[in-house]
Amino acid sequence: MTKPSLPDLLHAAVSAVGGTERPGQVAMAEAVAEAIDDNSHRLIQAGTGTGKSLGYLVPALAHGERVVVATATLALQRQLVERDLPRTVDALHPQLRRRPQFAMLKGRSNYLCLHRLHEGAPQDEEDGLFDQFEAAAPTSKLGQDLLRLRDWADETETGDRDDLTPGVSDKAWSQISVSSRECLGATKCAYGAECFAEAAREQAKLADVVVTNHALLAIDAIEGAPVLPQHEVLIVDEAHELVSRVTGVATGELTPGQVNRAVKRSAKLVDEKVADALQTASETFERVMELALPGRLEQIPEDLGYALMSLRDAARNVISAIGATRDKSVHDEDAVRKQALAAVENIHAVAERITIGSEYDVVWYERHDRFGATLRVAPLSVSGLLREKLFEDRSVVLTSATLKIGGDFNGVAASLGLSPEGVEGDDVPLWKGLDVGSPFDYPKQGILYVAKHLATPGREGTRGDMMDELAELIEAAGGRTLGLFSSMRGAKAAAEELRGRLDNPILLQGEETLGELIKNFAADPKTCLFGTLSLWQGVDVPGPSCQLVVMDRIPFPRPDDPLMSARQKSVEEHGGNGFMAVAATHAALLMAQGAGRLVRASGDRGVVAVLDPRLATARYGSFLRATLPDFWYTTDRNQVRRSLAAIDATARADDK
């Protein structure tokens with residue numbers, strides 16, 4: 001039988017989803033197929049509208065071996081599993097003469113645990129899980145959520161938290177889920193045969209395409225125990241997010257509350273002397289944390305060092321003692337022991353990691369008004385880990401709309417542990433970069449406006465001239481504005497100020513769920529939506545409701561961010577430019593993502609306005625602009641107001 005050609009397969013898949021074939025999509029599919037055939041690696045930038053999901057799914061399905069696709073956002077995971085994969089499999093089936101299977105796989109805590117649901121959370125064993133909420137259901141939000149979860153457990157086929165609509169709070173979900181460390185294991189659990197997490201794993205073992213998230217990919221790489229099934233090909237979508245997600249998984253933390261919970265959970269399982277030692281160490285740690293001031297700890301203070309060694313040693317003794325415990329008077333003893341062990345093992349691991357110390361780790365205190373102090377430890381860089389764990393024994397394709405920073409792939413490649421493109425060496429994975437462009441005509445569809453006349457933003461305080469500029473731009477646009485702010489404080493200040501000055505409704509992140517805010521923003525062109533980080537990347541509103549995207553300032557990391565400043569310092573110590581490698585690269589990535597909110601379809605028109613003159617005047621401005629879509633560029637405030645008014649008039653005429 002003749003093997004079907006890639007162009008024929010791609011044509012069938014694109015037709016099935018009602019799309020249009022684009023040259024960039026064809027180029028991407030060919031590059032992915034080549035990487036799979038050569039067992040090589042690719043970094044592929046594919047702009048919005050390219051159809052990159054099909055650009056990698058079609059060659060992956062045609063390949064025939066197992067492929068893992070890892071994404072950063074829930075929205076894309078859902079799109080792949082509920083829309084793109086079913087249609088693509090149906091479309092390719094006649095030519096492939098087989099029907100590839102696909103499955104979604106997440107971390108264990110994303111699935112409802114039947115043991116926890118029916119037997120109760122160990123810490124609530126005296127009351128049972130639901131009894132205390134039955135009477136409180138009408139008044140207690142937690143009680144209502146738990147009762148709804150119990151009903152949902154009888155209906156759900158997946159037990160996947162993301163299939164529960166509307167969702168529930170983290171607190172409610174934690175009552176009916178377990179981490180991998182707390183899980184009893186299918187063979188020891190009375191509900192093992194019905195376990196949702198185990199069913200998802202079994203499905204993944206049989207699937208040709210496994211869709212997962214960056215966090216699970218990181219756990220699979222870091223913890224050594226394989227979570228994902230064996231696979232030939234790894235495709236990382238939204239790859240610009242990978243480093244921060246892996247860093248998050250590799251970050252440890254300790255709080256007095258967390259240590260106290262571990263003490264309580266383990267006390268009944270060990271003898272009094274061992275329990276008392278952990279209790280004493282916990283109290284010492286709590287006293288140190290009461291005095292903790294936010295910031296990086298380049299050296300561990302003596303009092304903290306002593307407290308951490310005490311915690312580590314006491315935790316080690318508890319772990320040994322729990323392992324030998326058998327106490328039939330404890331209800332559901334196996335689950336109680338497993339949860340206590342998980343809590344104490346985490347404390348031991350983090351305390352030991354900080355006590356031993358490593359030049360590759362950054363340690364710092366954080367302080368929260370409500371929750372008090374937290375001690376954190378994170379890797380200075382995850383590039384070595386990614387080079388070693390990601391690129392061995394499989395072909396890796398990394399793709400995103402923003403992988404070229406400042407005009408090339410080398411910045412992102414370095415963060416992944418790769419050498420500059422084309423550089424060979426021992427243990428250095430070779431890779432190729434490809435920018436397949438975008439189907440959009442950016443110079444004709446969008447304007448990049450930099451408000452060069454404004455004062456340079458300072459660290460704190462309101463910017464009166466910026467508020468005036470923002471108000472005038474919104475009025476010229478007739479609303480239709482997505483306001484992207486570098487801090488929540490800035491977003492709130494702008495919303496409060498402009499609600500008093502403009503007739504346009506202004507929605508503010510945090511006042512409603514993100515989904516509701518975006519829905520309401522899209523529904524009314526006069527409406528504006530202001531917010532911070534998740535809006536820079538999470539908004540997809542094509543059409544006339546989003547014709548002005550405003551950034552209040554260049555989103556450099558805060559100068560007092562311990563991890564970013566440590567990374568910057570490290571680059572400088574090795575002879576590099578720390579500001580460009582860390583702060584400017586961070587800002588460029590966010591700005592590219594933010595600017596990408598403007599043009600989502602071929603008919604979209606509008607303006608990206610940056611209210612920070614440094615984008616036009618500073619030496620690094622050209623580096624940042626090179627990362628943005630190729631919009632028509634101006635600093636003429638009158639020109640941009642005329643353009644916005646014309647775009648608004650056209651949109652109004654089209655609405656009639």
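Gln258 is buried, at a relative accessible area of 15%; buried here means under 20% relative accessible area, exposed over 50% and partly exposed in between, with a 1.4 Å probe and protein chains only. The model is predicted, so local features need pLDDT of at least 70 and side-chain atom pairs count only at pLDDT 80 or more, while totals for chains, interfaces and linings use all residues. Residues are numbered from 1 along each chain as its sequence is written, and side-chain values use heavy atoms, with hydrogens and water left out.

Gln258 belongs to helix H12. Helices (H or I, at least four residues) and strands (E, at least two) are DSSP runs, numbered from the N terminus. Residues up to four places away in sequence aside, Gln258 touches Glu253, Asn346 and Ile347; contact means heavy atoms within 4.5 Å. Helix H12 covers residues 256-267, and its twelve residues should span 16 Å at 1.5 Å a residue. The expected span is 1.5 Å times one less than the number of residues. The end C-alpha atoms of H12 are 16 Å apart, in agreement with that value. Besides Gln258, the buried residues of H12 are Pro256, Val259, Ala262, Val263, Arg265 and Ser266.

An open sheet of seven strands runs in the order E3-E4-E2-E5-E10-E1-E11, with parallel pairing. Strands pair if DSSP finds at least two bridges between them. Strand E3 (102-104) and strand E11 (431-435) are the edge strands, each pairing on one side only. From one strand to the next, the twist averages 15°. Axes are lines fitted to C-alpha atoms, for helices over the stretch in contact, and angles run from 0 to 180 degrees between N-to-C directions. Strands of a sheet pair through backbone hydrogen bonds, either parallel or antiparallel.

Strand E1 (residues 41-45) pairs with E11 in the parallel sense over five bridges. Here Leu43 stands opposite Gly433 of E11. E1 also pairs with E10, in the parallel sense and over four bridges. Gln45 has Ser400 in E10 as its bridge partner. E5 and E10 likewise form a parallel pair over four bridges, and Val233 stands opposite Ser395 in E10.

Strand E10 (residues 395-400) is mostly covered, with six of its six residues buried. In a regular strand the side chains alternate between the two faces of the sheet. Ser395, Val397 and Thr399 point one way from E10, and Val396, Leu398 and Ser400 point the other way. Helix H10 (residues 214-222) lies across strand E2 (67-71), strand E4 (209-213) and strand E5 (233-236), at about 95° to E4.

The largest nonpolar core holds 91 residues, of which Leu43 and Leu416 touch the most other members. A nonpolar core is a set of buried Ala, Val, Leu, Ile, Met, Phe, Trp, Tyr and Cys residues joined through side-chain atoms within 4.5 Å. Helix H24 (residues 578-595) gives the most to this core, with seven residues. Neighbours within four places in sequence aside, Leu416 is in contact with Leu43, Leu242, Val243, Ser383, Leu386, Arg387, Phe391 and Leu398.

A search of the whole structure finds eight aromatic pairs. Rings of Phe, Tyr and Trp (its six-membered ring) pair if their centres lie within 6.5 Å; planes under 30 degrees apart count as stacked, over 60 as edge-to-face and the rest as tilted. Phe440 and Tyr442 have ring centres 6.2 Å apart and planes at 75°, so the pair is edge-to-face. Both Phe440 and Tyr442 are buried. The rings of Phe485 and Phe530 have centres 5.2 Å apart and planes at 55°, so this pair is tilted. The pair links distant parts of the chain, 45 residues apart: Phe485 is in the loop between strand E13 (481-484) and helix H20 (488-499), and Phe530 is in strand E15 (residues 528-531). Relative accessible area is 2% for Phe485, which is buried, and 0% for Phe530, also buried. Phe440, Tyr442 and Phe631 form one aromatic cluster.

Most residues other than glycine have a negative phi, and most peptide bonds are trans. Thr165 and Pro166 are joined by a cis peptide bond, with omega about -10°. Pro166 lies in the loop between helix H7 (141-155) and helix H8 (170-174). Asn39 has a positive phi, near 55°. Asn39 sits in the loop between helix H2 (23-38) and E1 and is partly exposed at 48% relative accessibility. Phi of Asp393 is also positive, near 65°. Asp393 is in the loop between helix H16 (383-390) and E10 and is exposed, with a relative accessible area of 73%.
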